[in-house]
Structure formats: C-alpha cells, structure tokens
Amino acid sequence: MPPLEVLLPVAGLALLDTLSPATLGVTLFVLLSGARSIARPLFAYLGTVALFYFTLGCALMLGLNAALDRLSGLSDNPATGWAMVILGGGLFAYSWVMPTRKRAPRRPASLRTITMIGLGLATGLLEAGTAFPYLGAIGIMGTAGLDAHTWVPMLAAYNLVMVLPPVLLYLGHRLFGERLRPRLDRWREKIDAGSREALAWIIGIVGFFLLINGLGQVGFTDVLDSLRD
C-alpha cells in the first residue's frame, strides 16, 4: 500500500486527467456521429489511449527508477525537492500567461476500427508532451521510490480512471439515447470552445501539486530559512 502522501496527490491528478479535452471531444464526436455501431470504434480508441499511456508510464518509471538507483539517495536529496518546487512553480506561473486561442478540434476521418486505433496513437503521441497530470504523477511515484508491485497497479488504476468519463458517457448514451443528445451537443460545444482554457487550468493545478510535493520534500522550514538568507 503506497503512503498517503503519494496516494492522495496521484489520485487527485488522475481525477484531473479525466478532464482531457481531446479524449472527451473524440468521445462526444463518436456518440453524436449517428453511426449504427459506436461501441467498437469508441472502445478501440479509448483502449489504445489507455494502453499507450500505461506503456509510456511503465517506460518512464523504469527509466526513472534506474536513474534513481544509480544516483542513490537522490529521492531523499533536497535538490530533487527544489527541482519539483521550481518546475511546479514554473508550470503554475505559465498557466496564467499561456495563450488560450481556440484551435480547430481534432476529429476522426471515419469510425473504422483501424482509424480509431490510429487516432488513439496520434492522441497519445501528440498529447504526451503536455500530459502534465500524468507526468506529474509519475514524478511523484518515482521520487517516492515505490516498488514495481506498488506502482504498476497504481499506473493501471490511473489509466482506468482517466478513461472512465468517456465510458460513463457511452453508458448514458446507451440508456437514454436521443434524450441525451441535446446535452451532449452542448458539452461538445463547450469543450471545443474551452479546450485551451481547460489546459491552462490543468497545467496550473499540476504545477500546484508539484510545488506542494516539492515543498514537503525539502521542508517548509528550509524554504523559509532560504528566503531569509
């Protein structure tokens, strides 16, 4: 069982990652497409995204753990905490000044399974560099020095939580059908209009999590002493 100081911020970042505009936008497009079959293309897409991020997370964790093993004691070194403080503070500050001009939403050319798998891979490749909640969670788990039997289930659970809202949207669509369509239309318009604003909020919250985690690692008293000096 991971300690609460690791579990709570990672769980918070997983919940934050459920707000991914790209994944929600594609899901709503598929649900509103009017296609006869939507389960196969939708779950091909969601499964590809989840598997891509799980594989990426495992690779990053193994690489990070190997680096930490070579530099023994780094996870307990105040320098690591200061790096998290600087990175978190930088992300939090950037979230206030980043451009939020609306971009054209990404849409699948068709709903064929192979197309949706390709779109899932494209989503992962294009969004991985800005997947700040996920990268923040990996950083927190890596610096905590968790064993593989602890962080592997955490990564799997993280990715299941990440795709849970699209699954719930699909179930709602199956249960309520056309009665839910007007609301889904409104949600899609809001996501298309506010995707950049949502990204700014996500970056700011991730920066805050990293900042607090880093401050906890170096100790608030050390921070205050450094400020006095």
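Author: Two residues are in contact when heavy atoms of each lie within 4.5 Å. The model is predicted, so local features need pLDDT of at least 70 and side-chain atom pairs count only at pLDDT 80 or more, while totals for chains, interfaces and linings use all residues. Residues are numbered from 1 along each chain as its sequence is written, and side-chain values use heavy atoms, with hydrogens and water left out.

Reader: Which residues does threonine 23 touch under that criterion?

Author: Leaving aside residues up to four places away in sequence, threonine 23 touches Tyr45, Leu46 and Pro166. Threonine 23 itself belongs to helix 2 (residues 21-31); helices are DSSP runs of H or I with at least four residues, strands are runs of E with at least two, and both are numbered from the N terminus.

Reader: Why is threonine 23 called buried?

Author: Buried means under 20% relative accessible area, exposed means over 50%, and partly exposed lies in between (1.4 Å probe, protein chains only). Threonine 23 has 7%, so it is buried by that limit.

Reader: What makes arginine 188 partly exposed?

Author: Its relative accessibility is 22%, which lies between the limits of 20% and 50%, so the term applies. Arginine 188 lies in helix 9.

Reader: Why does alanine 11 receive the label partly exposed?

Author: Alanine 11 has a relative accessible area of 37%, so it too falls between 20% and 50%. This residue is in helix 1 (residues 4-17).

Reader: How do you know that the length of helix 6 agrees with expectation?

Author: The expected span is 1.5 Å times one less than the number of residues. For the 12 residues of helix 6 (residues 132-143) this gives 16 Å, and the end C-alpha atoms are 16 Å apart, so the two values agree.

Reader: What makes helix 6 mostly covered?

Author: Of its 12 residues, 10 are buried, among them Phe132, Tyr134, Ile138 and Met141. Just after helix 6, glycine 145 adopts a positive phi of about 70 degrees.

Reader: Where in the chain is confidence lowest and where is it highest?

Author: On the pLDDT scale, the predictor's confidence in each residue from 0 to 100, helix 10 (residues 220-228) is lowest at a mean of 52, and helix 7 (residues 148-162) is highest at 93. The mean for the chain is 78, and 72% of its residues reach 70 or more.
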